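Have the viewer open and follow along.

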Amino acid sequence: MNIALWVGQVLLAAIFALSGALKSTMSRQRMLETGQTGAAAYPLPVVRFTAICELFAVVGLILPVLLGVAPVLTGWAAVGLAVVMVGAMAMHGRLAVVRRKPAEWRNVGVNGLILAVCVFVAVGRL
């Protein structure tokens, strides 16, 4: 079980490190060009704040358990990312329905899979 949790943590860390780094540095136009359609739904400061939170969560996913210092923080980092994924699913679903962009349903599915991994890590580490 510990190995599966570590795999989940590293997978989440990789996904959110990339996501956070890109969203914290790219312009809104560049995000849209690269397929990050969520950037159009929220003001840029909200996108940047979320990106910074994702980067902090990446640290929280790995270091507490690795160092053995307050390992419960890893579970709470996963909970925080699960909340981000629920918001992402809602936003992509809204884009699919309101703006009639059926391709957004794929993003909802991907967000759902990431949410499942977040829940797995949260339950396993809390």
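## Salt bridges

The count here comes to two salt bridges, taking a salt bridge as a side-chain nitrogen of Lys or Arg within 4 Å of a carboxyl oxygen of Asp or Glu. In one of them, the side chains of Glu-54 and Lys-23 meet at 2.8 Å, N to O. Glu-54 sits in helix 3 and Lys-23 in helix 1, so this pair ties together parts that are 31 residues apart in sequence. (Helices are DSSP runs of H or I with at least four residues, strands are E runs of at least two, and both are numbered from the N terminus.)

Glu-54 is buried, at 2% relative accessible area, and Lys-23 is buried too, at 15%. Buried means under 20% relative accessible area, exposed means over 50%, and partly exposed is in between, with a 1.4 Å probe and protein chains only.

The other pair is Arg-30 with Glu-33, at 3.7 Å, N to O. Both lie in helix 2 (residues 28–33), three residues apart, or about one turn of the helix. Arg-30 is partly exposed at 42%, while Glu-33 counts as exposed at 52%.

## How to read the numbers

This is a predicted model: local features need pLDDT of at least 70, side-chain atom pairs count only at pLDDT 80 or more, and totals for chains, interfaces and linings use all residues. Residues are numbered from 1 along each chain as its sequence is written, and side-chain values use heavy atoms, with hydrogens and water left out.

## The nonpolar core

A nonpolar core is a set of buried Ala, Val, Leu, Ile, Met, Phe, Trp, Tyr and Cys residues joined through side-chain atoms within 4.5 Å. The largest one has 17 residues, and those touching the most other members include Leu-12, Phe-16, Leu-61 and Met-85. Helix 1 (2–25), helix 3 (44–67), helix 4 (72–98) and helix 5 (104–125) each give two or more residues, with helix 4 giving the most, six.

Leu-81 is also on that most-touching list. Leaving out residues up to four places away in sequence, Leu-81 touches Phe-16, Glu-54, Ala-57, Leu-61 and Cys-118, where contact means heavy atoms within 4.5 Å.
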